Amino acid sequence: MAVIAVALSGCNAVNPPGTAGSARATASPTSGVVSQVFDSTSADSAATSDAAATGYPITVQNCGFAVTVDHRPDRILAIKSTSLELLLALGLADRVVGAAFLDGPVPAQWRDAASSIPVISTGAPSNEPVLGLDPDLIIAGWESNLAPDTAGDRGRLAAAGIASYVSPAACRGASQPKKLTFPMLFSEFEEVGRLLGVREAATALVAQQQEELAAVPKLDRRVTALWWSSGSDTPYVGGGIGAPEMVMNAVGLENIAAGVDQTWTSLGWESIIEDDPDVIILVDASWSSASKKMRLLEQNPATARLTAVREHRFVTIPFPASEAGVRSVDAARDIARQLAALGFGSR
Amino acid sequence: MTAASAMPAVSAHDLSVHGLSYAVRGKMLVDDVSFDVPAGTLTALIGPNGAGKSTLLRLMNGALASNGEGAAVMLGGRDLLRLSRRERAKTVALVEQQSTIEFAVTVREAVALGRIPFRRWWAGAGDDRVIDDALRLAGAGAWADRQVATLSGGERQRVTLARALAQQPRLLLLDEPTNHLDIAAQLDLFALLRDLIDRTHLTVVVALHDLSAALNDSDYVVVLSGGRVVASGVTPDAVDADLIRRVYGVEAAFVADPGSGRPVVIFRRLGDVGD
Amino acid sequence: MTSTRIRLPVPSAPSVAEGAGENPMPATPRASRRSSRLRGGPRAAVYVAAATTLPASVLLAVGIGSAGIGIIDVWQTVVAHLAGMPSPLSPLRDGIVWDIRLTRVLTAAAVGAALAVSGAVMQALTRNVLADPYLLGLSSGASVGAVAALMLGVAIMPTVAAFLGALAALTLTLLLARSLGPISPSRTILAGITVSAFGVAVTSFLIFWNVQGDSYREVLNWLMGSLAGSGWATVAVSWAVTAVIGIPLVLGARVLDAFAFGDTAAASLGIHVTRARWIFLAVVALLTGMAVAVSGAIGFIGLVLPNAARLLVGFRHRLILPLCALAGATFMIWVDTGARTLFAPRELPVGIMTALVGAPIFALVLWRHRSRS
């Protein structure tokens, strides 16, 4: 059995050796470095840094599901923007046979590369169009994208020779990260790089993102913020354990919904007004634009008195960047830049 | 026998039904029905199932609108069909066949419904005595606080009758009132109606398919078949074996009740004639 | 013949009339079970209690919320606003009390009253204790309108769209019911179920087809019911509609009584059955349409409260409707207070709360209803 190296150069801090789980899907003895936080386990017993392309089959634990990739995937279907953008960032546009359920336009730097990728569905694709594409790997942004009523049950897809992978940040239930961090996100990039046989590209991507992240200026004082995604009657906001919290932490913002152990949560207006955040981050989506939210805040007499509204301290961020992915560091940089423009000092 | 030939001459105070018709999808359920009977009498409306008895009663109280040209139900010199709905409901009351009720309604509440035509939106008091009288007259006073749903068929019939009486009608219509009653209750009912007529000069029209009851207890009889009046007149003269054979398709023999001397009908299937 | 009369109990004779209680009825009456409902003093007490509980509930509920504002401060704030004096609280907290909590509590009261009264009217018209406005497809129609406006970007406000959807659904239901033959309770309900199923399908289709990212969040409130969008505009709309429709409705309530024994009985009591039915159905459409437009589809209120009211005060609608309005308002205020505070700072759609609270109560009502009849 072939083996590949697992050298998570960027993740040593969170993936100390010796915390290995067991690989359920293969009979091979398990050792090596494990990205334990995601409950994902490499099934490889030896490490050779240049075996990536030939190190198949690879088995990883993904959202509690054992995924085995037995050859280098060359026909990849990406569901959701985060999935497609990670593949583009890894330079794999030519191996992506289709994309689906995109949340917004692809960022400019990848637009050319993405132009030839067919979008098979604006919503969550169903089983038949997926099978018709004859993919060998599906990378999905949400667990719900891989269900009998969407792309298909993961077990049945596997039986049909289609491996599937869900962004570990989006795992639900027991596999859900207790609190998402950038190192966890980077280890996802590494894991995908390994599955796709582009370990070097992944390592380079992580290194670059780490560098950018380290360069993000942090606020020099306590600044509270609300991350408002959608919902107008009852706002749907970033909670205390997901990507919004991770990104806010990176710039030194204090999330007023940090106490809610959810990635996203509904939050009553009363508690928002009571906490009176210094800044409001507005997610800009085609279905719930930032300007619409701004208008709502200014129209309601109670929210119009919020400090952030009175002093027009709004930060906007495109929806695809609000989910954990290759644009998360960008989102942090973007927010830091907007905060600086609003006059917040940083150190 | 020709329709109305045996009918008595009527005065302005009597009941005169004229030209009532009702069609559903081109089928005449009631076809140009006319008859006259004196006020203060009990008229039996007889005929086989589907003869149009229930429909005729609904036409007479305006619950259904007659399709007929020049339809009229004259009583006391007034055409009931030209009255306002409310005025009509104060003049004519209908005791329907067993009606079901989903709600928890007490007998008194059910009877109080009969006062609806008398009420205005701003006031409704002063009806208690009428309701008490109606309950008593119908023999339902003992259950005033019971739930209608807990009553037997005969008891419910009395409640429905009490509701109709609470309307203080001049004309009382009853649709197959004996259907769910045992023999004693049937006799009670007719005694009750007779008593009401005696005391209040009420005019009563009862749809029946029990010929014996009709012959025994009515003053006049109107025979319907296929929506048309095929005979009418004084009871029991208006009905003979030939008519019964034509309308009901059975042989009938009349014998005298040893007590009252009134005729009692004995039925046989056609072809089983014994005498 | 005279012999027959002699052995009768003569229930009608004046001499025995006073003794009707001893009247030996041929069909032996079962042990007379007196109804448990209230009359006289105790009944008046129910209305006094309901009429005092409602304003008390408004005052208390305004004092409850995730922001810890003392109840005395809350009341002072309300009084200050009413009297045109400066608020004792900071502008932000003043906004929480006056613009957020008070508008929400007042809207909840009007919506609860409207839904409970609508349910009572629907039950009377269809002679079905299990009926409520939702049975006629009103809520699903309203949801179609609201969701279409939100998802397709139809250029009208979701509230107006919900209202139009409710009216369209009612019209469709009645046209369908009439095309099946003369309008009857069962035909109306069957038509309502048909329209409702269609509306749900259209709503699901719109959501399925258009959902992007987390846009379904915007729709969730319409489907599960929420009063979180309340403001002074919703207070004005909900109270105006409830008062303008509710008061004449109570005054004309005895027409509803006439429907208890069916359409023919109602017609025999002088009611213009067809006209009355259309008027009442239109009234229900307006009340329900308003409620759904303001707060989304909230179930169980229209089902539970009329049944509870009937248990207490009998079936006369002049008694039922005011009690339904008062109790529905109070019920909704407290259920919504639970929805916004139990899991604060998170919020629960109030429709979930009404179902959680309402379903067991309704089971109890059913059980009692059964044991009595």
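Chain C meets chain A through 29 of its residues, which are in contact with 33 residues of chain A; contact here means heavy atoms within 4.5 Å. This is a predicted model, where local features need pLDDT of at least 70, side-chain atom pairs count only at pLDDT 80 or more, and totals for chains, interfaces and linings use all residues. Residues are numbered from 1 along each chain as its sequence is written, chains are lettered from A and ligands numbered from 1 in written order, and side-chain values use heavy atoms, leaving out hydrogens and water.

**Between chains C and A**
- About 2,700 Å² is buried between the two chains, 51% of it from carbon and sulfur atoms; this is the accessible area (1.4 Å probe) lost on putting the two parts together, summed over both.
- There are 5 salt bridges between chain C and chain A, each a side-chain nitrogen of Lys or Arg within 4 Å of a carboxyl oxygen of Asp or Glu.
- One salt bridge joins A:Glu274 to C:Arg93, with the closest N and O atoms 2.6 Å apart.

**The chain C side**
- The most comes from α5(C), with 9 residues.

**Chain A itself**
- Chain A holds 11 helices and 13 strands.
- Of its 347 residues, 59% count as buried, that is, under 20% relative accessible area (1.4 Å probe, protein chains only).

How values were computed. Helices (H or I, at least four residues) and strands (E, at least two) are DSSP runs, numbered from the N terminus. Buried means under 20% relative accessible area, exposed over 50%, partly exposed in between (1.4 Å probe, protein chains only).
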